[in-house]
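Here is a short tour of one protein model. Keep the sequence and the 3D view open as you read.

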Amino acid sequence: MSIVVRVLKANHGDCILVSHEGPSSVFNLLIDGGTSTTFRHGPRQRYAGALCNALDDLKKRGQHVDLAILTHIDDDHIHGLIKAFEKPGYLGQLVKSIWFNSSRLITRHFNVPEISENNILLTDDSPETSVSQGKELETLLDDIGCERAPLIMAGQSYEVGPFTLKILSPEPRQLERLLHKWPTEVESGATSSHDNDYHLSLSEIWAEDKFKPDPSIYNGSSVAFILEADGKKMLFLGDAHDQVVAENLRAFGYSDTNKLKLDLVKVSHHGSQNNTSNEFLSLLDSSRYVISTNGSKHGLPNKRTIARIMKSTSGNVLFNYRDVITPLLLAHEIESYSSRLEVLDDEIRFE
């Protein structure tokens with residue numbers, strides 16, 4: 001048996017496929033869908049993106065997406081999934097179950113009127129159908145018999161196929177803050193600087209490093225969880241708030257003297273300095289810290305986050321785009337620290 005993690009090239013977003021390969025079956029878990037171009041891009045959506053290629057590969061193998069997890073509503077996490085639902089022959093046929101804290105689920109949980117403007121409308125590119133005739137995502141999920149989970153919140157634990165998932169975020173208070181009409185396109189990274197901090201040396205960062213938490217209500221609603229199977233543990237953080245995840249890790253009994261031993265951490269919010277503190281890192285013991293971004297937006301990843309991981313842990317930082325690494329280190333830092341930064345292969349396989 002093996003677990004295979006593929007951190008797909010999702011531009012400045014997240015799109016991760018985790019596959020458990022058992023003796024007689026494969027269970028596929030898709031976490032987020034990246035930007036729209038992660039599915040298809042170019043004139044008339046001519047070219048397949050990383051998500052489209054991955055789903056085509058599953059179809060060739062006769063496999064499904066057994067569970068899709070939409071961590072939160074930011075465009076760089078949700079839009080690739082929406083495009084893959086809109087295109088006939090993809091998620092509409094492939095997905096068996098989904099975790100999605102939709103506006104409808106949230107309003108029902110808090111017993112308030114539904115906010116219909118927040119419902120996701122799928123477009124239909126058929127020339128016979130106008131956009132106004134598009135179908136709501138939740139209606140499509142009902143029509144295809146996709147199994148829906150109830151509202152996902154911290155403290156819950158789920159057995160899903162071969163995996164155990166322990167939820168660390170969001171808390172109800174983060175979901176309650178979503179009880180309003182959402183912006184048309186939620187701008188991920190609104191709390192992050194558009195200017196990068198790559199001119200700073202590691203020693204300058206370590207000498208003066210104050211953590212400023214991410215105030216984004218949308219990032220705060222992100223689903224984060226520990227994934228366990230076959231003696232392996234991984235932490236997938238979406239864009240979750242550092243403090244919420246740390247609080248719930250402590251509730252599970254982890255501390256700086258009883259660290260959570262992990263095989264992989266997907267770092268929150270594409271390496272934003274507002275989502276990874278030294279205090280949070282002190283709870284973890286992992287050899288791999290994965291950052292998903294092409295570095296094109298919001299100055300991410302922040303060098304400050306890389307510096308914290310280097311100082312607080314013995315793990316390496318892995319990137320799904322090679323070009324992100326080069327500017328992170330100053331000339332005099334390369335010899336000492338370049339071995340701590342790696343480019344991800346197409347897949348990480350755990351036997």
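Leaving aside neighbours within four places in sequence, which residues is leucine 30 in contact with? They are Cys15, Ile16, Leu17, Leu51, Val65, Leu67, Ala68, Ile69, Leu81 and Leu91. Contact means heavy atoms within 4.5 Å.

This is a predicted model, in which local features need pLDDT of at least 70, side-chain atom pairs count only at pLDDT 80 or more, and totals for chains, interfaces and linings use all residues. Residues are numbered from 1 along each chain as its sequence is written, and side-chain values use heavy atoms, with hydrogens and water left out.

## Domains and cores

The protein chain is divided into domain 1 (2–151) and domain 2 (174–184 + 191–342). These bounds come from an automatic or database domain assignment. The C-alpha centres of the two domains lie 25 Å apart. Across the boundary, 34 residues of domain 1 are in contact with 32 residues of domain 2.

The UniProt record, an unreviewed entry, lists residues 28–89 as "domain: Metallo-beta-lactamase". UniProt positions are in the numbering used here, feature names are shortened, and annotations may be inferred rather than shown by experiment. Over residues 28–89 the chain is 37% helix and 19% strand. The end C-alpha atoms of that stretch are 17 Å apart. Helices (H or I, at least four residues) and strands (E, at least two) are DSSP runs, numbered from the N terminus.

Now look inside. A nonpolar core is a set of buried Ala, Val, Leu, Ile, Met, Phe, Trp, Tyr and Cys residues joined through side-chain atoms within 4.5 Å. Buried means under 20% relative accessible area, exposed over 50%, and partly exposed in between (1.4 Å probe, protein chains only). The largest nonpolar core has 41 residues. Leu30, Leu55, Val65, Phe85 and Leu91 have the most contacts inside this core. Elements that each supply at least two of its residues include helix H1 (50–60), strand E6 (67–70) and helix H2 (75–86). Domain 1 and domain 2 both give residues to this core, so it lies between them. Apart from it lies another core, of 35 residues, among them Leu235, Leu260, Val267 and Phe319.

In H1, Leu51, Cys52, Ala54, Leu55 and Leu58 are buried. Seen down the axis of H1, these residues fall within an arc of 165°, so they line one face of the helix. The arc is that of the directions from the helix axis to the C-beta atoms. Their cover includes strand E2 (16–21), strand E3 (26–31), H2 and H3. Glycine 62 follows H1, with a positive phi near 70°.

How many of the ten residues of helix H11 (residues 303–312) are buried? Eight are, so H11 is largely enclosed by the rest of the structure. Among these buried residues are Lys303, Arg304 and Arg308. They pack against elements including helix H7 (202–207), strand E18 (288–291) and helix H12 (334–337).

An open sheet of seven strands has the order E10-E7-E6-E3-E2-E1-E21, with mixed pairing. Strand E10 (147–148) and strand E21 (348–350) stand at the edges, each with a single partner strand, so one side of each is left without a neighbour in the sheet. Two strands pair if DSSP finds at least two bridges between them.

| Strand pair | Bridges | Direction | Opposite residues |
|---|---|---|---|
| E1 (residues 2–7) and E2 | Six bridges | antiparallel | isoleucine 3 and histidine 20 |

E11 has a covered face, Tyr158 and Val160, and an uncovered one, Ser157 and Glu159. In a regular strand the side chains alternate between the two faces of the sheet.

Tryptophan 99 sits in strand E7. Its relative accessible area is 5%, so tryptophan 99 is buried.

Serine 103 is found in helix H4 (residues 103–109). Is serine 103 buried or exposed? At 4% relative accessibility, serine 103 counts as buried. Leaving aside neighbours within four places in sequence, serine 103 is in contact with Ile115, Asn118 and Trp182.
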